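Colleague: I am new to this model and would like a close look at a single part, the place where the two chains meet. Could you take me through that part slowly, giving the cut-off behind each term as you go?

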2 protein chains.
Amino acid sequence: MLTSKEKIIIAALNQFSRKGLFATRIQDIATEAGISQGLLYRYYKSKNEIYVDLIEDALDKMNEAVEGIASLNCGGREKLLNSIEGMYKTIEESDRYRQTSSLIAQAMGSEAIPQEAKDALKNKRDLPYQMFSKIIVQGQKEGTIIEGDSYDLAVLFWSTLNGLTIFRNTRDEKRPLPDKRFIANIFLKEKI
Amino acid sequence: MLTSKEKIIIAALNQFSRKGLFATRIQDIATEAGISQGLLYRYYKSKNEIYVDLIEDALDKMNEAVEGIASLNCGGREKLLNSIEGMYKTIEESDRYRQTSSLIAQAMGSEAIPQEAKDALKNKRDLPYQMFSKIIVQGQKEGTIIEGDSYDLAVLFWSTLNGLTIFRNTRDEKRPLPDKRFIANIFLKEKI
DNA sequence: TCATAAAATGAATGAAGATTCATTCACTAA
DNA sequence: TTAGTGAATGAATCTTCATTCATTTTATGA
């Protein structure tokens, strides 16, 4: 049995991910959570506070996932392939990631979100680029990944995955994503 | 000298692109346009109506741009290279495109926008995929573009550009985008 | 110049929705 | 059984807008 606070978090993540901070009503969250409006205020000072909590959490989850991949004890090439594999599975199968990534995408595109949410974004959004940049440098040293500015390549890598995530998130018909090898071959010296 | 209606459109596009439909106040638009709140209602029935107009317009503009490229009288390879070239210039230099693409991205990510805006999105968002799919088929026939499902490749192409657009739009420091050749080489048989 | 219409203003209205709080409910332990 | 405590409710309050409209200003043309 979920606690009231857990119910609130689950419902709020779903509502915010679908409608954003400003179109989501406290009543929407309460109704989905199956509790009264008033109870929500025992656990959170305001709607904004729930939102900021969720944003911070979403960014942390995303960064943990990326760090998990990068800290594998293997070659840069394998880390890259593993990242693509893992991200594809996540994008295609995880409803939680759909919510998380929609939440972050919406937040990044709005200047009206609370300052705390902006701060969290500013502090945490760049970690994936840094991690993938390191992986690419490793692969370049090992001769398995193409030459080029590693941060540029990381930007291309993560932006491509984000672009595909958004494509996937915004369609009802769940067409499979393009073959992963297309993405791998952007970066690998020896194509697969 | 701009007409009042033009001032409203310019101000609304800017406000909506930065804050979205629900966090933008009529007063914000009026103030930026340098007119009174009341005047706005001489030209539009409601805030939603302005928004829907802008969304339809943004989608049309984007589709016209894509069609312009695809109807060039040249090979598929050249069309593809030309598209990348054109999109890069647009992404990096056009403030109008920043607004337009932010507006569309926000709209795509929200279930709370007006039904008319949803309809416009549903009807118009797929044209780029179709156009690029055709270009890819042409290039495949000509032997200049790699094999593979053309729609899949179009999804990858347009998603990648969208991902880079969002990256660019959400940073203040305007780092140049990754070398265009990385993107071209995803699709070209003979690499550049 | 003056009459008329169009453009523009901004205060008033009303609705929606966030937050508060007095009250009730459910459980625990003495 | 009952006093005490935290959980939960939902009606009432208070604020923030979108929208309206009576009034004023500006432009037009006879």
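Modeller: What follows is a walk through the interface of chain A and chain B. This is a predicted model, in which local features need pLDDT of at least 70 and side-chain atom pairs count only at pLDDT 80 or more, while totals for chains, interfaces and linings use all residues. Residues are numbered from 1 along each chain as its sequence is written, chains are lettered from A and ligands numbered from 1 in the order in which they are written, and side-chain values use heavy atoms, with hydrogens and water left out.

Chain A has 10 helices and 0 strands, where helices (H or I, at least four residues) and strands (E, at least two) are DSSP runs numbered from the N terminus. Taken along the principal axes, the C-alpha atoms of chain A fill a box of roughly 60 × 35 × 35 Å.

The contact (heavy atoms within 4.5 Å) takes 40 residues from chain A and 40 residues from chain B. About 3,300 Å² is buried between chain A and chain B, and carbon and sulfur atoms give 61% of that area; buried area is the accessible area (1.4 Å probe) that two parts lose on being put together, summed over both.

Across this interface there are 10 residue pairs in polar contact, both residues at pLDDT 80 or more. Such a contact is a pair of N or O atoms within 3.5 Å; within protein, one must be able to donate a hydrogen and the other to accept it, and residues adjacent in sequence count only if both atoms are side-chain atoms. The side of chain A that touches chain B receives two or more residues from each of helix 1 (4-23), helix 6 (95-108), helix 9 (150-169) and helix 10 (180-187) of chain A, and helix 9 gives the largest share, 11 residues. By class, that side divides into 18 nonpolar, 9 polar and 13 charged residues, with Ala, Val, Leu, Ile, Met, Phe, Trp, Tyr, Cys and Pro counted as nonpolar, Asp, Glu, Lys and Arg as charged, and the others, Gly among them, as polar.

Side chains of opposite charge can pair when their charged atoms come close. The structure holds 20 salt bridges over all chains, each a side-chain nitrogen of Lys or Arg within 4 Å of a carboxyl oxygen of Asp or Glu, and the count between chain A and chain B is 6. In one of these, the side chains of B:Glu111 and A:Arg18 meet at 2.7 Å, N to O; this pair crosses from the loop between helix 6 (95-108) and helix 7 (115-124) of chain B, which holds B:Glu111, to helix 1 of chain A, which holds A:Arg18.
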